[in-house]
Amino acid sequence: MDSEFTRKFQVPQDRSSEMKAILMSVYDSLKEKGYNPINQIVGYILSEDPTYITNHNNARTLIRKLDRDELLQELVRQYLSN
């Protein structure tokens, strides 16, 4: 294997507005239930274990609509653009 080769990763479509809406909804649901939303979302992203997300307001179902790789890519893009 060529050690100079860099593998490219691309997400096929821009779903940033959909991802933001879902994340905001999940964030609000977690906050309503008294959880620390940032900690819970990070736990979900790292483990992909849906039990980090509450079922309140269908938040668990919503977040599972997001592909973790797409979500991470969008989060990094937003972080670096600000």
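This is a predicted model: local features need pLDDT of at least 70, side-chain atom pairs count only at pLDDT 80 or more; totals for chains, interfaces and linings use all residues.

Modeller: Residues are numbered from 1 along each chain as its sequence is written, and side-chain values use heavy atoms, with hydrogens and water left out.

Biologist: What makes residues 16-32 helix α1, and how does the reach of α1 compare with the expected value?

Modeller: Helices are DSSP runs of H or I with at least four residues, numbered from the N terminus, and α1 has 17 residues. The expected span is 1.5 Å times one less than the number of residues, which for α1 comes to 24 Å, and the reach from its first C-alpha to its last is 24 Å, close to that expectation.

Biologist: Which residues of α1 are called buried, and how do you know where on the helix they lie?

Modeller: Buried means under 20% relative accessible area, exposed over 50%, and partly exposed in between, with a 1.4 Å probe and protein chains only. By that rule the buried residues of α1 are M19, I22, L23, V26, S29 and L30. Seen down the axis of α1, these buried residues fall within an arc of 125°, so they line one face of the helix; the arc is that of the directions from the helix axis to the C-beta atoms. The face turned away from the buried side carries the exposed residues S17, K20, K31 and E32.

Biologist: What covers the buried residues of α1?

Modeller: The cover includes α2 (37-47), α3 (59-63) and α4 (68-81), where contact means heavy atoms within 4.5 Å.

Biologist: How do you know that the buried residues of α4 line one face?

Modeller: The buried residues of α4 are E70, L71 and E74. Seen down the axis of α4, they fall within an arc of 100°, so they line one face of that helix. These residues pack against α1 and α2, while on the other side of α4 Y79 and L80 are exposed. As for its length, the 14 residues of α4 should span 20 Å, and its end C-alpha atoms are 20 Å apart, which agrees.

Biologist: Why is the pair R68 and E48 called a salt bridge?

Modeller: A salt bridge is a side-chain nitrogen of Lys or Arg within 4 Å of a carboxyl oxygen of Asp or Glu, and the closest N and O atoms of R68 and E48 are 3.6 Å apart, so the pair qualifies. R68 lies in helix α4 and E48 in the loop between α2 and α3, so the pair ties together parts that are 20 residues apart in sequence. R68 is partly exposed at 27% relative accessibility, and E48 is partly exposed as well, at 40%.

Biologist: How many salt bridges does a search of the whole structure find, and how far apart are the closest N and O atoms of R77 and E74?

Modeller: The search finds 2. In the salt bridge between R77 and E74, the closest N and O atoms are 2.2 Å apart. Being 3 residues apart in helix α4, R77 and E74 are separated by about one helical turn. R77 counts as partly exposed at 42%, whereas E74, at 9%, is buried.

Biologist: What makes I38, V42 and L46 a nonpolar patch?

Modeller: Patches are made of residues with over 30% relative accessible area and no salt bridge, like charges being joined within 9 Å and nonpolar side chains (Val, Leu, Ile, Met, Phe, Trp, Tyr) within 5 Å. I38, V42 and L46 form such a patch on the surface, with about 310 Å² of accessible area together, where areas come from the Shrake-Rupley method with a 1.4 Å probe and, for residues, only the protein chains shown count as cover. L46, which is found in helix α2, is exposed at 69%.

Methods: Helices (H or I, at least four residues) and strands (E, at least two) are DSSP runs, numbered from the N terminus.
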